[in-house]
Amino acid sequence: MTGTEQSSPTGRVARFAALRNRDCRPYLFGTGLAMMADNIEHVITYWVLWERFHSPALTGFQVISHWVPFLLLSVWFGGLADRYDCRRLIQAAQGLFMLVSAAWGVLFLTGTLQVWHACVLLVLHGCAGAMWGPGEQMLLHDFVSREELPSAVRLNATFRSLGVLFGPVVGSALLLGLGPTWGIFANIAFYLPLTLFLFRTRFTGHLREGGRKARVGIKDAVRVLRDVRGDRTLVSMIALAGLGSFLVGASMQSAMPVFAHDLGVGAGSAGVAYGVLLFANGAGGVIGGLVLEATGWVRPKVGAAIVATALYGVTTVVFALSGNYGVAVVALVVGGVANLASMSITQTVVQLLAPAADRGRVIGLYNVSAGGLKAGSGFTVGLLGAAVGLHWSLAVSAGVLVVGAGVVAAHAFRGRVAG
């Protein structure tokens, strides 16, 4: 419907089709910048909070506050995306991000920051992320055709990975160059390109397939959950995303200082090892997105998602148990490719199968699994790590992920297969 859809004369979708789409292209760049701003805020605020309070409890709350809103509110925010203009919902989320950054800046500037201030702002930041998710995915479905949707989802995930990759770099530069106060104020500018672009585009998330103006309420959300339960493929993809989030999730990044210390001899120092391991972890997602988009090797099929998830689990086991620095770096990069493939495929299959009228809530349910369950990775890896050490706890969790992928495969292939 855009007039800019790019397909070859044979009907095959062109490589990087979403980037060739003049409506989708600025959206992808804006999304990447907004994701970078999200991570810049983490870099600056987490540093200030540790320097000010030295509170391990507050450090744990930082993870919980970021992901619990996804767990509790994603389906409701998905209902809002089904009913209202997705442009305005995304702008509301970006506005909340900017408001939180401005509030941090004022508290830093006046020297009045207290723990309760930090807790409120951390929760609001998590709510902004949960609000952003369903509308963001629905707009992709509006920008491109059904055939181009895998490209759009994959490239959107790649640009988000770029934001995650460069967020710590730019955040550290702002922290060192401008200081935390003016650095957090400057960070507001990175949210603006996406916010302003959404005033210019005519797409709302509902133009391509329409859909009814559904009510937004608990009963309606329960109905959607009941309907989804009957689709074996949808359940399999949502479960697959949840397994990766709950069993590994955000725990690998939070545990990275421990691995850097243990592997630091091979890199010359723990500090250098930490930087390289973080970069390798993020670079894998970017490399994976670009390679998969350029080659078209992996199609959005259930089997491919299961294999990619299992590979992510295997490479995480290798990383956790390897005492060799080079092997650990390679495992992180390959694991990043596999994780990007798994995430983009499961998202695509869910969007293709979700009924148009309930797509936002189905995406919200997916976000509950893929995002909200990351709060649980602190328990699966962290608590077990206290008993057997982080290396073995991560390895055991990743091994369970491989087994879980096999269970999902058995469930999925008893029913119809998407794609």
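# Burial, salt bridges and cores in a helical chain

User: Why is arginine 154 called buried?

Analyst: Arginine 154 has a relative accessibility of 11%. The term buried applies under 20% relative accessible area, exposed over 50%, and partly exposed in between (1.4 Å probe, protein chains only). Arginine 154 therefore counts as buried. The model is predicted, so local features need pLDDT of at least 70 and side-chain atom pairs count only at pLDDT 80 or more, while totals for chains, interfaces and linings use all residues. Residues are numbered from 1 along each chain as its sequence is written, and side-chain values use heavy atoms, with hydrogens and water left out.

User: What makes the pair of arginine 154 and glutamate 293 a salt bridge?

Analyst: Their closest N and O atoms are 2.9 Å apart. A salt bridge requires a side-chain nitrogen of Lys or Arg within 4 Å of a carboxyl oxygen of Asp or Glu, so the pair qualifies. Arginine 154 belongs to helix H6 and glutamate 293 to helix H12 (residues 270-295), and the pair links parts of the chain 139 residues apart. Helices are DSSP runs of H or I with at least four residues, strands are E runs of at least two, and both are numbered from the N terminus. Glutamate 293 is also buried, because its relative accessible area is 3%.

User: How many salt bridges does the structure hold, and what ties aspartate 82 to arginine 361?

Analyst: There are 4 salt bridges. Aspartate 82 and arginine 361 form one of them, with their closest N and O atoms 2.8 Å apart. Aspartate 82 lies in helix H3 (residues 56-83) and arginine 361 in helix H15 (residues 359-370), so the bridge ties together parts that are 279 residues apart in sequence. Aspartate 82 counts as buried at 3% relative accessibility, and arginine 361 is buried with a relative accessible area of 2%.

User: In the salt bridge of arginine 160 with glutamate 136, why is arginine 160 called partly exposed?

Analyst: The closest N and O atoms of this pair are 3.0 Å apart. The bridge joins helix H6 (residues 149-177), where arginine 160 lies, to helix H5 (residues 115-143), where glutamate 136 lies, 24 residues apart. Arginine 160 has a relative accessible area of 23% and is therefore partly exposed, whereas glutamate 136, at 3%, is buried.

User: How many disulfides does the structure hold, and how accessible are cysteine 24 and cysteine 119?

Analyst: The structure holds 0 disulfides; the term requires a pair of cysteine sulfur atoms within 2.5 Å. Cysteine 24 is buried, with a relative accessible area of 0%, while cysteine 119 is partly exposed at 23%.

User: What makes the set around Leu139 a nonpolar core?

Analyst: A nonpolar core is a set of buried Ala, Val, Leu, Ile, Met, Phe, Trp, Tyr and Cys residues joined through side-chain atoms within 4.5 Å. The largest such core has 59 residues, and those with the most contacts inside it are Tyr27, Trp104, Trp132, Leu139, Leu140 and Phe143. Helices H2 (24-53), H3, H4 (86-110), H5, H6 and H8 (192-200) each supply at least two of its residues. A second, separate core of 25 residues includes Val228, Ala305, Val349 and Val362.

User: How do you know that threonine 195 touches glutamine 91?

Analyst: Contact means heavy atoms within 4.5 Å. Leaving out residues up to four places away in sequence, threonine 195 touches Gln91, Gln94 and Met98, and glutamine 91 touches Thr195, Leu198 and Phe199. Threonine 195 lies in helix H8 and glutamine 91 in helix H4. Threonine 195 is buried because its relative accessible area is 9%, and glutamine 91 is buried at 10%.

User: Why can valine 327 belong to a nonpolar surface patch?

Analyst: A patch takes residues with over 30% relative accessible area and no salt bridge, joining nonpolar side chains (Val, Leu, Ile, Met, Phe, Trp, Tyr) within 5 Å and like charges within 9 Å. Valine 327 has 37% relative accessibility and so counts as partly exposed. The patch comprises Leu311, Val314, Val318, Val327, Val330 and Val334, with about 430 Å² of accessible area together. Helices H13 (302-321) and H14 (325-353) each give two or more residues to this patch. Accessible areas come from the Shrake-Rupley method with a 1.4 Å probe, and for residues only the protein chains shown count as cover.

User: What fraction of the chain is buried, and how many helices and strands are there?

Analyst: Buried residues make up 55% of the 419 residues. The chain has 17 helices and 0 strands.
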